[in-house]
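Keep the structure in view and try each task before you read its solution.

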Amino acid sequence: MPTIRRPIIIFFALSYAWSWAWWLPIVITLRSEGITDLTTAPSWMLICALVGGYGPTVAAVVMTVRAGAKGGLKALFSRFTLWRAPATVHIFIWLGPPAFIGIAMLLAADNTALLGDPEWTRLKLIPLAVLAALPFGPLGEELGWRGYALPALQKHHSALVSSLIIGVFWCFWHAPLF
């Protein structure tokens with residue numbers, strides 16, 4: 001089996017370094033001050049969490065610039081515009097998360113003794129919540145994981161092996177948040 005090449009190792013190291021440098025101060029502060037309710041956490045933590053989440057994207061940009069290929073950044077960012085998928089996939093992508101939240105609320109309604117009554121008036125906020133979540137996840141991560149790392153790994157590995165490698169790095173990349 002071919003080995004992982006040096007640029008991809010540097011990509012993973014940069015992703016971790018950027019993100020953890022922003023996230024570890026949050027973890028240290030939460031532990032040292034005994035903060036368990038994040039609604040009372042200082043607002044700087046939200047900023048650090050957001051900026052830290054862009055580690056994979058920052059690493060992808062750095063590695064693309066470092067490679068020096070003409071048009072490299074344009075090609076990298078063009079991956080945000082790849083929308084070719086069957087209509088059923090788009091329906092699932094756009095309606096799936098709100099549907100799952102609604103289903104969870106319906107299930108919670110049957111367990112009001114444990115969870116309390118769901119606030120049905122908040123259903124209208126689901127689309128806004130999905131849009132608000134974009135900067136905290138997909139926009140900060142996907143360009144790096146799927147836009148840079150996946151194609152780089154697939155030059156030497158199958159799609160399955162490449163995805164499993166990314167999955168392991170992705171899993172442990174989130175470690176400070178847990």
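Read along the sequence, this chain follows the pattern α-α-α-α-α-α-α-α-α. The model is a predicted one.

**Exercise 1. Find how many helices and strands the chain has, and what share of its residues is buried.**

Solution. 
- Step 1: Count the elements. There are nine helices and zero strands.
- Step 2: Turn to burial. The chain has 178 residues, and 28% of them count as buried.
- Step 3: Look at the contacts with a separation of 6 or more. Residues 24 or more positions apart account for 72% of these.

**Exercise 2. Work out which residues touch the most other members of the largest nonpolar core.**

Solution. 
- Step 1: Find the core. The largest nonpolar core holds 24 residues, and I8, F11, F12, Y148 and I166 touch the most other members.
- Step 2: Ask where the core residues come from. Two or more residues each are given by α1 (6–33), α2 (43–52), α3 (55–67), α8 (138–154) and α9 (159–173).
- Step 3: Pick out the main contributor. With seven residues, α1 gives the largest share of this core.
- Step 4: Zoom in on one member. Leaving aside residues up to four places away in sequence, F12 touches W145, A149, L153, I165, I166 and F169.

**Exercise 3. Decide whether α1 and α8 are roughly parallel or roughly antiparallel.**

Solution. 
- Step 1: Take the geometry. The two helices α1 and α8 pack at an angle of about 155 degrees, and their axes are 10 Å apart.
- Step 2: Apply the cut-off. Angles over 145 degrees count as roughly antiparallel, so α1 is roughly antiparallel to α8.
- Step 3: The crossing of α1 and α8 is left-handed.
- Step 4: List the partners. From α1 come P7, I8, F11, F12 and S15, and from α8 come G144, W145, Y148, A149, A152 and L153.
- Step 5: Sort them by class. The contact of α1 with α8 has nine nonpolar, two polar and no charged residues.

**Exercise 4. Is T64 buried or exposed?**

Solution. 
- Step 1: Locate the residue. T64 lies in helix α3.
- Step 2: Compare its value with the cut-off. Buried means under 20% relative accessible area, and T64 has 11%, so T64 is buried.
- Step 3: See what surrounds T64. Not counting residues up to four places away in sequence, T64 touches A69, G72, L73, L76 and Y148.

**Exercise 5. Where is H156, and how far apart are H156 and R5 in space?**

Solution. 
- Step 1: Locate the residue. H156 sits in the loop between α8 and α9.
- Step 2: With a relative accessible area of 29%, H156 is partly exposed.
- Step 3: H156 and R5 are 151 residues apart in sequence and 8.6 Å apart in space, C-alpha to C-alpha.

Conventions: Residues are numbered from 1 along each chain as its sequence is written. This is a predicted model: local features need pLDDT of at least 70, side-chain atom pairs count only at pLDDT 80 or more; totals for chains, interfaces and linings use all residues. Side-chain values use heavy atoms; hydrogens and water are left out. A nonpolar core is a set of buried Ala, Val, Leu, Ile, Met, Phe, Trp, Tyr and Cys residues joined through side-chain atoms within 4.5 Å. Buried means under 20% relative accessible area, exposed over 50%, partly exposed in between (1.4 Å probe, protein chains only). Helices (H or I, at least four residues) and strands (E, at least two) are DSSP runs, numbered from the N terminus. Contact means heavy atoms within 4.5 Å. Axes are lines fitted to C-alpha atoms, for helices over the stretch in contact, and angles run from 0 to 180 degrees between N-to-C directions. Angles under 35 degrees count as roughly parallel, over 145 as roughly antiparallel, 65 to 115 as roughly perpendicular and the rest as oblique. A crossing is left-handed if the near helix is turned anticlockwise from the far one by less than a right angle, and right-handed if clockwise. Ala, Val, Leu, Ile, Met, Phe, Trp, Tyr, Cys and Pro count as nonpolar, Asp, Glu, Lys and Arg as charged, and the others, Gly among them, as polar.
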